[in-house]
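User: I'm new to this structure and would like to learn how to read it, feature by feature. Can you walk me through it?

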Amino acid sequence: MPLDLKPSTLVIDGDYLAYLCAASLEHKCVVVKHEDKLIGKYKNRTEFKKSDKLILPYEEYTVMDEQSVPDNWETQLITYFRTTVKSWNKNTDTNNVLIALGAETNHRDSIPTPTKYKYSRKDVLKPLVLSESKKLLEKVYETARPEVGEADDLLAYAAFHDFFESSLNTVICTVDKDARMVPTKKLYNPMSKEITHIPAEVGEVLLKGEGSKSKLVAMGRLMMAYQLLHGDTTDSYAPCDVYKQINNIDRVSPIITDLKAYNLLKNCKTDKDYWKVIVDQYASWYITSNNTSNITWTAWDGTVHTGDYIDIMQMTFDALWMKRWETDRPQVREILDKLGVI
C-alpha cells in the first residue's frame with residue numbers, strides 16, 4: 001500500500017506495542033489444585049515447585065494459569081499507550097506517530113511447509129485483552145495495515161520508502177530482528193534503546209558469545225541469508241524441515257546453528273557469494289545419488305507437494321521476506337539465474 005508519511009514520524013510495530021501494554025496491565029498467577037482442593041495461588045509454576053506445599057509428585061496437581069485486569073483497564077491501557085509512545089518519541093527525536101498493524105490475511109499462512117507458519121505460538125499464553133488492545137490503538141493513533149501480510153511488512157514499506165527520500169526523517173520502531181534485512185536510515189529498538197542504520201548493501205555478520213551459546217547478529221542482506229540457512233523458531237519455519245521429514249529426523253532444533261551460519265557467511269562480500277553458500281547448503285540436504293531433482297513432502301494441512309531444492313528454498317524465502325511494496329515477491333530462481341549461481 002502507498003504510504004503518505006509525515007516528516008519526523010515514528011512508525012511503531014503495533015503488535016509489539018499492544019502486547020507490551022496489555023501484558024503490563026494484567027495480573028498473572030497460577031492456581032494449584034489437588035483433586036478439588038485448592039492448594040494455593042503462586043506467581044508461577046517455579047514458585048510452587050519450590051514451596052513446602054509440593055508434597056506429592058508435581059504431575060498429580062492441576063496447575064492452571066489465571067489472568068485478570070482491573071475494571072478500568074481501558075483507561076489504564078490508553079495511559080500506558082500514551083506514556084510509552086511519548087517516551088519513544090523523545091528517544092528518537094520524532095514528533096509524529098504511525099502505528100503499523102497486520103492485515104486480516106497473511107500470505108505466509110498458505111506456504112505449504114511441514115509446519116504451519118507461527119504454529120509454535122498457538123499455545124502461548126497471550127495477554128487477556130490483547131485483541132482489545134489492538135483495536136484501541138486504532139482509536140487513539142493513526143494506524144495503517146498492508147492489504148495482505150503482517151505489521152512487519154508495513155514497517156518494511158515505510159523503511160524502504162524513507163530510505164530513498166531525504167526529507168522524511170522516518171524512524172522504524174520494532175524489536176523484531178527481521179527488520180535488519182531492510183534498508184533503514186534509523187531503526188529503533190525500544191528494548192535496548194539503540195538506533196541503528198541498516199545499509200542497502202550486503203551487510204555483515206557478527207558472532208556474540210562463544211561455543212554453543214554464541215548468537216549471530218546480522219544486518220543488510222546477510223540477515224536474509226542467515227534466515228535462509230537457519231530459519232526462525234519463533235515463526236516456526238526452518239529450511240531443513242522438509243529434510244527432517246523425508247529422513248524421519250525428530251530433532252527440533254535447527255540443523256544450522258548460529259556458529260555454523262556465521263562460519264558459512266563471514267567471508268561473503270557479494271550477493272553471489274552468499275547465494276552460492278545457500279545453494280550449496282540446500283543441495284547438500286536435498287540432492288542425493290538417488291534423487292537429483294524432485295522431492296515429495298507433506299505440508300502442515302495434509303496436502304502432498306513435489307518440488308526441487310529451489311522450490312523448498314522459495315518457501316523459506318516467502319516466510320522471511322519483508323515486502324518493500326505490496327506486490328514485492330522476488331523469485332529465487334530468477335535471482336540465482338541473474339547472478340549466475342545456477
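User: Let's start with strands 7 and 8. How many bridges join strand 7 to strand 8, and do they run parallel or antiparallel?

Analyst: Strands of a sheet pair through backbone hydrogen bonds, either parallel or antiparallel. Here strand 7 (residues 171-173) and strand 8 (residues 184-189) run parallel, joined by 2 bridges. Ile 172 stands opposite Leu 187 in strand 8. Two strands count as paired if DSSP finds at least two bridges between them. The strands themselves are DSSP runs (E, at least two residues), as are the helices (H or I, at least four), and both are numbered from the N terminus. Keep in mind that this is a predicted model: local features need pLDDT of at least 70, side-chain atom pairs count only at pLDDT 80 or more, and totals for chains, interfaces and linings use all residues. Residues are numbered from 1 along each chain as its sequence is written, and side-chain values use heavy atoms, with hydrogens and water left out.

User: Which sheet order do the strands form?

Analyst: It's an open sheet of 6 strands in the order 6-5-1-7-8-9, with mixed pairing. Strand 6 and strand 9 (194-198) are the edge strands, each pairing on one side only.

User: Where is Leu 98 found, and is Leu 98 buried or exposed?

Analyst: Leu 98 sits in strand 5 (residues 96-100). With a relative accessible area of 6%, Leu 98 is buried. The cut-offs: buried means under 20% relative accessible area, exposed means over 50%, and partly exposed is in between (1.4 Å probe, protein chains only). Leu 98 also shows how the fold brings chain positions together: its C-alpha atom is 7.0 Å from that of Tyr 141, although the two are 43 residues apart along the chain.

User: What does the other kind of pairing, antiparallel, look like for strand 2?

Analyst: Strand 2 pairs in the antiparallel sense with strand 4 (residues 62-68) over 7 bridges, and with strand 3 over 5 bridges, again antiparallel. To find your way, look for His 27, which stands opposite Ser 68 in strand 4, and for His 34, whose bridge partner in strand 3 is Lys 37.

User: What happens between strand 2 and strand 3?

Analyst: They make a hairpin with 2 residues between the strands, and Glu 35 there takes a positive phi near 60°. Glu 35 lies in the loop between strand 2 (27-34) and strand 3 (37-42). At 66% relative accessibility, Glu 35 counts as exposed.

User: Which residues gather with Glu 35 in a patch of negative charge?

Analyst: Asp 36, Glu 59 and Glu 60 gather with Glu 35 on the surface. A charge patch takes residues with over 30% relative accessible area and no salt bridge, and joins like charges within 9 Å.

User: Where is there another hairpin, with 5 residues between its strands?

Analyst: Look at strand 12 and strand 13; in their turn, Gly 302 has a positive phi of about 90°. Strand 12 (residues 295-298) and strand 13 (residues 304-307) run antiparallel, with 4 bridges between them. Ile 295 has Gly 307 as its bridge partner in strand 13.

User: You mentioned salt bridges. How many are there?

Analyst: Side chains of opposite charge can pair when their charged atoms come close. The rule is a side-chain nitrogen of Lys or Arg within 4 Å of a carboxyl oxygen of Asp or Glu. By it, the count comes to 19. One of them joins Lys 6 and Glu 142 (3.9 Å, N to O). That pair links distant parts of the chain, 136 residues apart: Lys 6 precedes strand 1 (9-13), while Glu 142 is in the loop between helix 4 (130-140) and strand 6 (143-144).

How values were computed:
Patches are made of residues with over 30% relative accessible area and no salt bridge: like charges are joined within 9 Å, nonpolar side chains (Val, Leu, Ile, Met, Phe, Trp, Tyr) within 5 Å. Accessible areas come from the Shrake-Rupley method with a 1.4 Å probe; for residues, only the protein chains shown count as cover. Lys and Arg count as positive and Asp and Glu as negative; His and the chain ends are not counted. The place of a charge is taken as NZ of Lys, CZ of Arg, CG of Asp or CD of Glu.
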